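Have the viewer open while you read.

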Amino acid sequence: MLSFLISIFALILGYCVYGRFVEKIFGPDPSRKTPAIAKRDDVDFMPLPTWKVYMIQFLNIAGTGPIFGAIMGAKFGPASYLWIVFGCIFAGAVHDYFSGMLSVRHGGVGLPELVGTYLGNRTKTVMLVFTVLLLLMVGAVFVYSPAVILGHIAGDGDRMSIMVWVLAVFVYYIIATLLPIDKIIGRIYPAFAVALLFMALGLLVSLFVKWPSLPEFWDGLSGWTAKAGIQDQPVFPCLFITIACGAISGFHATQSPLMARCIKNEKLGRPIFYGSMITEGLVALVWAAVASWVFFDGGAAQLGIPANAAAPSVVTVVSKSWLGAAGGILALLGVVAAPITSGDTAFRSARLIIADFLKIGQKSIVKRLYIAIPLFVGSALLLWYNISDANGFNTIWRYFGWSNQALAVFTLWTITVYLQRKRKGMWYMVTLLPSLFMTAVCVTFILVDKIGLGLGAAAAPWIGLGTFVLSALLFYVWLVRKGAQSIENQ
């Protein structure tokens, strides 16, 4: 428990100290008109109360990742705490803050537009396709996973019950994506966010009361995967793909522009963008601690579940056991709300990204339908694959995990180039090092994992080191060329 408490304190300290440092590098200007005011259309662009923007941002980015990902990541032992803490403070929250504030500075544009501005139009086109495909996968994944939990809450979770909930969630997505942002998202998301935070707070209190014997840093960082039965998954790179939303997630860069269109003052960026990521890290830490008790301290036996129980089973049983019937249902609803709200804003983001690219205004609902209908058809096909193929969901989830982190790589490099272009000295290092590390993670994973080339775990450290060094050299060459071009243009 001491390592868990140290991790919580470190996250809070990170927000207060490093968050302020990152804000100073960007330099928010409270006198500038934000897109919410300058481009107000009362559909996607409109000023909302700060507390509401924070709640929506938190719920948008907090899908099943900080819960399911943290539970699966806990099998790597206390290394999961370290990744959540350092990932959140130095990578994820920085990624979310800059992607949100760059969107604010560029009129509320989506991620592909930002990538095009700083990495070139060819990269922009690639990112447009990549981002939309990722968001469609998010929509499919985040229809099925909450439907399974709702099926278990409402009945025995049989196939028919799950199908009914799948249809209900999908219909909700269609409505929420097309309506103005204040009609559904602005009204019910804060309540869902409270439910999710209640769940985390309730479990945190239960951890203090029970005070279980959890793995500590000083117990060592190796050997835990063998105990958890996942010895075929090396800590590098698998931990950094498994725990995504709780540490760093490229999906967040597609969500931050939604709130960049509703923020009233640039000074609010740190609590809204950086703060939401830190809050998500706290939720991930709580579930990582709970899962550590389940996997390594006899919790599975006490709960009557298998030692290698899947994440949804851990969520369902722990919530009911620790928080009682009423608290358990409320907690589970919070877990259900997180992926549902991330799913509908994924569709909304995809609609806006395509609209920006095609220059189609979105004030008219007819024009929204032009873009939304093909999106829903594509997601429905992916969803059908999920349900009809026994391994379809697991396969899509693994590809989603890798794609999610690959998107973070593109975003981090975009921010790095922005900081270098703005002549902010060596401060581009705040995103360069995370860019290099996450590039190494993504390249290594797709080469060694079985969903990629399957080269095996033994090659992982060498591939990762080689990718890190090569990426650093390529960036240095780019800096030298940029410097030479600047001299020639003088």
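1. The second largest pocket comes out at about 340 Å³ in volume. Keep in mind that this is a predicted model. Two elements each give two or more residues to the lining of the second largest pocket: helix 17 (392–421) and helix 19 (460–489). Helix 19 supplies the largest share, 5 residues.

2. What is the class make-up of the lining of the second largest pocket? It has 9 nonpolar and 3 polar residues, and no charged ones. Among the lining residues are Phe 410, Trp 413, Phe 475 and Trp 478, along with Thr 123, Thr 439 and Ser 471.

3. On to the rings. Searching the whole structure turns up 23 aromatic pairs. One of them is Phe 26 with Phe 98: the ring centres are 6.0 Å apart and the planes sit at 70°, so this pair is edge-to-face. Phe 26 belongs to helix 1 (residues 2–26) and Phe 98 to helix 5 (residues 79–105), so the pair ties together parts 72 residues apart in sequence. Phe 26 is buried, at 2% relative accessibility, and Phe 98 is buried too, at 0%.

4. Then look at Phe 236 and Phe 437. Their ring centres are 6.3 Å apart with the planes at 55°, so this pair is tilted; the cut-off for edge-to-face is over 60 degrees. With Phe 236 in helix 11 (residues 235–242) and Phe 437 in helix 18 (residues 429–448), the pair ties together parts that are 201 residues apart in sequence. Phe 236 has a relative accessible area of 23%, which makes it partly exposed, and Phe 437 is partly exposed at 27%.

5. There's also an aromatic cluster to click through: Tyr 18, Phe 21, Phe 86, Phe 90 and Trp 427 form it.

6. Two lysines are worth a look if you care about charges over rings. The charged end of Lys 75 sits over the ring of Phe 295, 5.1 Å from the ring centre. Lys 227 has its charged end over the ring of Trp 224, 4.2 Å from the centre.

7. Which residues does Glu 23 contact, leaving aside its neighbours within four places in sequence? They are Pro 28, Tyr 97, Lys 267 and Arg 270.

Notes:
Residues numbered from 1 in each chain as written. Predicted model: local features only at pLDDT ≥ 70, side-chain atom pairs only at ≥ 80, totals over all residues. Heavy atoms only, no water. Phe/Tyr/Trp six-rings, centres within 6.5 Å; stacked < 30°, edge-to-face > 60°. Helix = DSSP H or I, 4+ residues; strand = E, 2+ residues; numbered from the N terminus. Buried < 20%, exposed > 50% of the residue type's maximum accessible area, 1.4 Å probe, protein only. Lys NZ or Arg CZ within 6 Å of the ring centre and 35° of its normal. Contact = heavy atoms within 4.5 Å. 1 Å grid on protein atoms, 1.4 Å probe; cavity = no way out; pocket = protein on both sides within 12 Å on 5 of 7 lines; lining within 4 Å. Points joined across faces, edges and corners; volume = space filled by probe spheres on them. Nonpolar A, V, L, I, M, F, W, Y, C, P; charged D, E, K, R; others polar.
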